[in-house]
Amino acid sequence: MSKLTQSSVWLALKKHYVDIEHVHMRDMFDADSSRYSKFSLQLGNILYDYSKNRINDETVKLLLQLAQAENVPDWTAKMFDGELINHTECRAVLHVALRDRGDKPIMVNGVDILPEIKLERQRVYQLAEKIRSRQWRGATNQAITDVVNIGIGGSHLGPMMATEALRPYTLHDLNVHFVSNIDENHINDTLEFLNPETTFFIIASKTFTTQDTMVNAETARQWYINKVGDDALINRHFAAVTSNIPLAMKFGISADNIFKMWDWVGGRYSLWSAIGLPVVIAIGADMFEELLNGAYEADQHFRTTPLQENIPVMMAVLGIWYNNFFQSQTMAILPYDQHLHRFPSYLQQADMESNGKYVDREGHRVDYTTGPVVFGEIGIAGQHAFFQLLHQGTKLVPADILAPVYSLRCVARHHRALMSNVFAQTEALMRGKTAIEARHELTAEGYHYDQIEQLLPYKIFPGNRPTSTLLFDTLDPKTLGSIIALYEHKIFVQGIIWNINSFDQWGVELGKQLAKNILSELNDSDNIDSHDSSTNGLINHYKHRRPGGAKKLHEA
């Protein structure tokens with residue numbers, strides 16, 4: 001048994017769970033008119049209402065004791081101070097340094113990293129401004145009209161999410177595209193209507209060897225050469241964000257167009273670095289600074305606010321409450337803002353790649369569940385897709401609902417209809433509908449007794465389904481920065497309590513390694529027998545059925 005599950009506070013939470021398991025939230029609200037004010041927190045214009053959760057005062061007290069007992073404040077200080085908390089890779093974890101607004105040095109291996117961060121950011125701003133202002137000219141002296149970011153994982157999901165989220169703040173005559181999938185359809189569909197003379201590519205890869213990214217990068221390079229005629233002026237159309245400068249230069253990109261990545265920033269936390277170049281091109285340096293300001297404000301809140309008033313801490317311990325005591329294995333992210341349509345996908349990587357671990361920091365297999373399965377969709381779309389399961393399914397799915405008080409253009413008819421759904425869904429999930437309420441409703445609708453008895457079981461909603469709501473004034477860059485940072489810190493806190501390293505991702509490697517071996521086996525038409533029977537069968541079926549066989553592949 002692990003130290004965590006044998007701790008006194010964990011055992012107290014198990015006992016408390018038995019006491020509260022069958023208590024209904026509607027009864028909790030009926031018994032305590034101050035529940036909302038008691039269980040809500042605020043950071044700037046962001047309101048975090050967690051009152052519609054299966055908790056009471058004792059739950060919160062015990063969960064915060066758990067965070068304290070697992071030394072969350074101490075680990076927080078270690079992260080901000082640049083200690084090597086990513087122990088499996090012997091690295092600091094300093095994405096917070098990328099948005100630091102203070103003047104105190106941040107040291108890594110005896111070196112203050114802030115001057116280099118600021119210098120690299122200014123280089124990013126300079127290139128972005130030249131492209132935005134049309135000063136930057138392509139090989140044929142034409143201005144750039146389209147920017148294509150080629151990356152995968154954190155080099156793709158973060159910039160794409162932020163660019164989409166801040167769409168109202170972008171230049172609408174400068175298009176930013178994102179390519180991640182090695183399937184040729186993704187890059188071919190993207191390039192189909194673009195002009196190579198007015199297209200600028202950003203190749204984002206820490207190692208500059210990632211197969212998905214580099215295959216797409218080579219395709220983009222060849223597309224450019226085929227249309228323009230040679231690669232003499234390739235620097236007018238390509239930039240790179242990488243830690244492998246020699247390989248980027250070998251690709252044909254000049255040092256002036258290569259931006260640094262550091263090993264103390266994980267890919268899924270790298271939006272704030274030069275990986276954000278496409279975001280800066282889209283919204284400009286001033287707005288990107290606001291994004292950083294919002295994240296920094298959330299950093300300061302997380303770093304300095306007592307646990308009981310700390311939004312990321314409360315988000316984290318609620319997740320542990322459901323994951324480890326209610327045995328709820330999923331988490332739904334439901335934005336009610338169209339521009340956040342990529343936010344659930346972004347959080348899937350941020351959370352599942354961080355905390356999808358079964359080995360603790362001492363190398364032992366854990367005896368408790370860790371990271372949840374994160375999924376989500378725009379709330380309105382979700383209501384017509386999977387909300388049926390949320391309301392009447394057999395699984396308990398805690399959900400975060402995010403919504404703006406107003407949008408940038410804010411057409412009242414649209415926005416009030418939108419927000420009526422936000423408030424209705426959180427209430428419906430909490431209260432449900434009893435048999436008595438359903439019977440009255442069916443009677444009022446004119447159903448006779450036999451029909452009512454037949455329909456009644458289908459009309460009952462159990463309720464008691466937990467939601468937390470984040471309301472914010474509007475989705476501007478500063479607010480988005482704060483929201484992202486709050487979730488980053490939530491993930492960190494959960495990793496600390498679970499005693500796992502949230503900042504490595506060894507689980508990503510095995511499939512990549514096997515793919516390299518299998519790729520060489522696909523270059524001929526011989527049958528394969530070196531794998532298990534299923535993998536052999538699938539490979540051989542593919543090789544026999546592909547058009548043109550090995551000859552066509554070699555010619556390509």
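A cavity here is a set of points on a 1 Å grid over the protein atoms alone where a 1.4 Å probe fits but cannot get out, and lining residues have an atom within 4 Å of a point. Volumes are the space filled by probe spheres set on the points, with grid points joined across faces, edges and corners. This is a predicted model, where local features need pLDDT of at least 70, side-chain atom pairs count only at pLDDT 80 or more, and totals for chains, interfaces and linings use all residues. Residues are numbered from 1 along each chain as its sequence is written, and side-chain values use heavy atoms, with hydrogens and water left out.

**View A. The largest cavity holds about 100 Å³ of space.** Its 14 lining residues include M315, L318, M331, D400 and S468, the closest to the centre. (Helices are DSSP runs of H or I, at least four residues; strands are runs of E, at least two; both are numbered from the N terminus.)

**View B. The second largest cavity comes in at about 80 Å³.** Among the residues lining this one are W262, W272 and F288. Helix α6 (residues 114–132) gives the most, with four residues.

**View C. The largest pocket has about 990 Å³ of space.** A pocket is an open set with protein on both sides within 12 Å along at least five of seven lines. Of its 40 lining residues, T210, Q505, V508, E509 and K512 sit closest to the centre. Helix α21 gives the most to this lining, with six residues.
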